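Keep the coordinates open while reading.

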Amino acid sequence: MKTPLIKELLASPADSRAVAVSGWVRTKRESKNLVFLQVSDGSCFSPIQLAFDRSGAANAALERQLPRVTTGASVRATGRLVPSPAAGQVAEIALETLEVLGEAPADSYPLQKKGHSFEFLRENAHLRARTNTFGAVARVRSQLSFAVHSFFQERGFQYFSAPIITASDAEGAGEMFQVTTLSLEKLAEAGVLAGAKGKRPETAAELVRYEKDFFGRRTSLTVSGQLAGETYAAALSRIYTFGPTFRAENSNTARHIAEFWMIEPEMSFYDLDDDAALAEEFIKYLLNWALDKCAEDMRFFDERIKRELMNSDVSREGNAQVFDARSRRGLIDTLRGVADSPFQRVTYTEAVAELEKNRDSFEFKPFWGCDLQSEHEKYLTEQTYRKPVIVTDYPKEIKAFYMKLNGDGKTVRALDVLVPGLGEIIGGSQREEDCGALLSRMTECGLSPDDYWWYLDLRRFGTVPHSGFGLGFERLLMYVTGMTNIRDVIPYPRAPRQADF
Ligand code: 4AD
Ligand code: MG
């Protein structure tokens, strides 16, 4: 049953030995004498070519199969691996037998060989990994997942699995999906019934009894594994999480999704500078990994972007201008440049001063205290500094409760890594390790210390300075591949009114 992967065949000598191959037909080309099939199995970007000469008497059996061999059909073939006369491929298979495992009728198979729009492919997300673009995205995603583990394991970090269902809001922003086994319909019925009996419940709590819910309390899907991560960093020194996180923000943008994967390292005895240095080293490591280990897929993305930019009629989704700055040099050269040169470091105060010099460029006028909008992030990375920028020390009002307060009492030891074309890719901070200071920040933020008693315990028992950050894995993939919509770098995107499949 098992046959070698096409990746393995293409990397082996074309020495005319007998081989078998399985995959899905990409294209079929027929001429009077010759038939060429391109078959792909997703193991690498290139398909393998299968060829046979129609005049050969022994090929009648192959000929009979041909009508069923259409784009999308699955096949198993045998033949001889021979050097290919065609340009751009080293080897091909001189076909001997061909078995159609599953047909893909041309009148109903959605992915015919012509190019499809990304919107159309999103509606066919179950098939899109069979296209060049989505196959390449899937392989880069897989490689970079491995790279994440490799980076941290090489540096003595322990992989920590943060809980997915949680009772606390790690960001304190209230953007959580509730997890419950209570039935909305039954609760509504109870309300209607109470009304019919002339009862008037005064509060929702009279109807919604969380003590009867599965966990006996209100719970949600996690927005971040950070707080749990901190508990293990306070024992193992350096940990990282890599798992799904969920945000119920109703932002329908090309950079936000409701379910995304986040990598969150947390380090005891690290200050903000150590944190920033690790973030920069991490991004560079991932870029180099993609350039080295995904060279063929990266060449495809590089060419795709250059082609689209040359043909300006084909407007890129999202913001075409976004990739302009880096695409003048192409994706590969740009990423290589980023991997080889230091990121810019500025404080929030310096960044805002820079933006204020150019007030006229912005729809949202910058001022000290404002949250940086994506137009501001773009300006800093694409106009002012023309490289990734690490912005630190934001006003406390626009950052989460757990960040360490600076001596000025106004700013916190926060860090955002911004990259050209995308904006924020990493958010992190040094954490407030002083119990009293943390309690007063929580009060300011309207959070109840009782809900975070275990988190406060870390500050009561053996507290240490510590820091961490979160890298949105899909944002990283957008940056690496040049894909402009985040829904195209995760297999099954979840967004407002989008949870098909
Ligand atoms: O800046 P955020 O909200 O930081 C945290 O969650 C911290 N707890 C991280 C930490 O210090 N351990 O999110 C971190 C990153 C963002 O920079 C962004 O890359 C990504 O997560 N992100 C999203 N990615 C896709 N869709 C969304 N809705 C995202 N929200 C955040
Ligand atoms: Mg952030």
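Is Lys396 buried or exposed? Lys396 is buried, because its relative accessible area is 14%. Buried means under 20% relative accessible area, exposed over 50%, and partly exposed in between (1.4 Å probe, protein chains only).

## Basis

This is a predicted model: local features need pLDDT of at least 70, side-chain atom pairs count only at pLDDT 80 or more, and totals for chains, interfaces and linings use all residues. Residues are numbered from 1 along each chain as its sequence is written, chains are lettered from A and ligands numbered from 1 in the order in which they are written, and side-chain values use heavy atoms, with hydrogens and water left out.

## Salt bridges

The whole structure holds 30 salt bridges. Each is a side-chain nitrogen of Lys or Arg within 4 Å of a carboxyl oxygen of Asp or Glu. Lys396 takes part in one, with Glu444, at 3.4 Å from N to O. Glu444 lies in helix 13, and Lys396 in the loop between strand 13 (389-395) and strand 14 (411-419), so the bridge ties together parts 48 residues apart in sequence. Helices (H or I, at least four residues) and strands (E, at least two) are DSSP runs, numbered from the N terminus. Glu444 is partly exposed, at 49% relative accessible area.

Arg431 and Glu230 meet at 4.0 Å, N to O. This pair links distant parts of the chain, 201 residues apart: Arg431 sits in the loop between strand 15 (423-430) and helix 13 (435-444), Glu230 in helix 6 (residues 226-236). Arg431 is buried at 2% relative accessibility. Glu230 is buried at 1%. Arg209 and Glu211 form a salt bridge at 3.0 Å, N to O. Here Arg209 is partly exposed at 36%, and Glu211 is exposed at 52%. Lys28, Glu30, Arg54 and Glu63 are linked in a salt-bridge network.

## Ligand 1

Which residues are closest to ligand 1? They are Glu171, Gln226, Glu249, Glu264 and Glu424, out of 24 residues that surround ligand 1. A residue counts as near if one of its heavy atoms lies within 4 Å.

Polar contacts are pairs of N or O atoms within 3.5 Å; within protein, one must be able to donate a hydrogen and the other to accept it, and residues adjacent in sequence count only if both atoms are side-chain atoms. A polar side-chain atom of Glu171 lies 2.6 Å from a nitrogen of ligand 1. Ile426 places a backbone N or O atom 3.5 Å from a ligand oxygen. Arg431, the salt-bridge partner of Glu230, has a polar side-chain atom 2.9 Å from an oxygen of ligand 1. The protein covers 93% of the 630 Å² of accessible area that ligand 1 has on its own. Accessible areas come from the Shrake-Rupley method with a 1.4 Å probe; for residues, only the protein chains shown count as cover.

## Aromatic pairs

A search of the whole structure finds 26 aromatic pairs. Rings of Phe, Tyr and Trp (its six-membered ring) pair if their centres lie within 6.5 Å; planes under 30 degrees apart count as stacked, over 60 as edge-to-face and the rest as tilted. Phe151 and Tyr285 have ring centres 5.0 Å apart and planes at 65°, so the pair is edge-to-face. The two are 134 residues apart, with Phe151 in helix 4 (residues 132-154) and Tyr285 in helix 7 (residues 272-293). Phe151 is buried at 0%, and Tyr285 is buried at 17%.

Phe152 and Phe157 form a tilted pair: 5.0 Å between centres, 55° between planes. Phe152 is buried at 0%, Phe157 at 2%. Ring pairs build a cluster whose members include Phe151, Phe152, Phe157, Tyr285 and Trp289.

Glu382 lies in helix 12 (residues 374-384). Glu382 is buried at 5% relative accessibility. Its side chain reaches the backbone nitrogen of Gly421 at 2.7 Å.

Ser16 has phi near 65°, a positive value in a residue other than glycine. Ser16 is found in the loop between helix 1 (6-10) and strand 1 (18-30), and is partly exposed at 37%. Phe501 also has phi near 65°. Phe501 lies in the segment after helix 15 (473-481) and is partly exposed at 48%.
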